[in-house]
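Walk through this fold with me, one region at a time. Keep the sequence and the model side by side as you read.

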Amino acid sequence: MYYVNENVKNTTRIFPDQGREPYVRLDMNENPIGLPVEVVDKLRDCITPEFISRYPEPDIVAEKYAKLVGVNPDQLCLTNGSDNAIRYVMQTFAEPGKDVLTVRPTFEMYMVNCWLLGLNHKTVEYDDDFTISIDKLVAAIDDNTTMVILVNPNNPLGNTYSEEDVRTIVEAARAHDAMVVIDEAYHYFTKNTHIKLIDEYDNIIVLRTFSKCLSMAGLRLGVAISNSQVAHYLNSLRLTFEVNTAALKMAEIILDTPGLIDELARIQIEGRTYVEDELKKAGYEVIEGESNFVSFKPNRDATEVSDALKDAGILVKTFGGGLLKGWIRINTGSVEVMKDFITTLAKVDR
């Protein structure tokens, strides 16, 4: 019998539903309207037979992105989506058999990678009021902790960590020789970012993505940012041609378009504010956060409301268990998209 890695054999994956194209997609934290057409047209103009036939060259994007965030290019590792960045970080810096500490709930791919890589997934639960105790998180860090994950803002609750809290956690982790990963997939929707701390601590990796605010989920581009030594280790692990040419060119166009990033964030923050206000005016219990998503508790069974919304052409996220069982999460878009959602919700959740 052929060999199969036991960690892979014992992992059960649930992949996203297919056939989402015809719907208004408010279920996976994408930008439902995407990039402006004139920006995408610039990519179309670049796609020639020669463009497709060449191997990708990531250095231009690395230099432009490094300048944007105020680091050196050798402090970056560009990856095929931040999912790959997570895998590389955990493969490189998490010691098999030890604990990876996260809050719960949080982004599920950290748990999945623990299963696949032979790591113990250790969690600190949110309180019933949807807050997390930093004291409990710090107390959970011990000699068996190999990595601490902070998603900032956290998915699916949208809360952020203060600089004081992050410093406390990083110092506790460093005392036990543990790496801290700060996943800032949603950082454009808040002013709360901790990237500057990579210059003070040698055990911090910040993850970013072009999928959310920058609307490139279909092209796949993520970034790991740390000190140059950590980035060197990650680049040693990554594939030679990790990111495809179209993703790199689209990223370059975005980075070269003045004001575009701020405008993309503004549109979705405006939509978030609108939908939070409308849900509260309609009497819904709402979890507010600093991200591009909002959670609310429907009047009827969440699955029934989700099914009715799908019948009306809108996809939303429900939760099978845990703290958010019975809640619905939607990602935000423009005010126009959110108005359509509120109108439809009023019809299906009386």
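Helix α11 gives the second largest pocket the largest share of its lining, five residues. Helices here are DSSP runs of H or I with at least four residues, strands are runs of E with at least two, and both are numbered from the N terminus. This is a predicted model, in which local features need pLDDT of at least 70 and side-chain atom pairs count only at pLDDT 80 or more, while totals for chains, interfaces and linings use all residues. Residues are numbered from 1 along each chain as its sequence is written, and side-chain values use heavy atoms, with hydrogens and water left out.

Stay with that pocket. A pocket is an open set of points on a 1 Å grid over the protein atoms alone, where a 1.4 Å probe fits, with protein on both sides within 12 Å along at least five of seven lines; its lining residues have an atom within 4 Å of a point. The volume of the second largest pocket is about 440 Å³. That volume is the space filled by probe spheres set on the points, with grid points joined across faces, edges and corners. The lining counts 20 residues, and nearest the centre lie His 187, Tyr 188, Lys 191, Ile 261 and Asp 262. At least two lining residues come from each of α4 (59-69), α10 (245-256) and α11 (260-281). By type, 12 lining residues are nonpolar, five polar and three charged. Here Ala, Val, Leu, Ile, Met, Phe, Trp, Tyr, Cys and Pro count as nonpolar, Asp, Glu, Lys and Arg as charged, and the others, Gly among them, as polar.

Now follow α11 to a sheet. The helix lies across β9, β10 and β13 and runs at about 10° to β10. Axes are lines fitted to C-alpha atoms, for helices over the stretch in contact, and angles run from 0 to 180 degrees between N-to-C directions. The sheet is open and has four strands, in the order β9-β10-β13-β12, with antiparallel pairing. β9 (285-287) and β12 (317-318) are the edge strands, each with a single partner, so one side of each has no neighbour in the sheet. Strands β10 (293-297) and β13 (328-331) pair over four bridges in the antiparallel sense; two strands pair if DSSP finds at least two bridges between them. Phe 293 stands opposite Asn 331 in β13.

Turn to the other sheet. Seven strands make an open sheet in the order β2-β8-β7-β6-β5-β3-β4, and the pairing is mixed. At its edges stand β2 (76-79) and β4 (120-125), each with a single partner strand, so one side of each is left without a neighbour in the sheet. From one strand to the next the twist averages 20°. β6 (179-183) and β7 (204-209) pair in the parallel sense over four bridges, and Ile 182 stands opposite Val 206 in β7. Helix α5 (82-93) packs on this sheet, touching β2, β3 (99-104), β5 (145-151), β6, β7 and β8 (222-225), and its direction makes about 160° with that of β7. Contact means heavy atoms within 4.5 Å.

Next, the backbone. Most residues other than glycine have a negative phi, and most peptide bonds are trans. Pro 156 is in the loop between β5 and α8 (163-175). Phe 130 is not a glycine, yet has a positive phi of about 65°; its loop runs between β4 and α7 (134-139). Ser 215, in the loop between β7 and β8, has a positive phi of about 65°.

Finally, step back. The protein has 13 helices and 13 strands. Its radius of gyration is 20 Å, close to the 20 Å that the globule rule gives for 350 residues, so it is as compact as a globular protein of that length. The radius is taken over C-alpha atoms, and the rule is 2.2 Å times the number of residues to the power 0.38.
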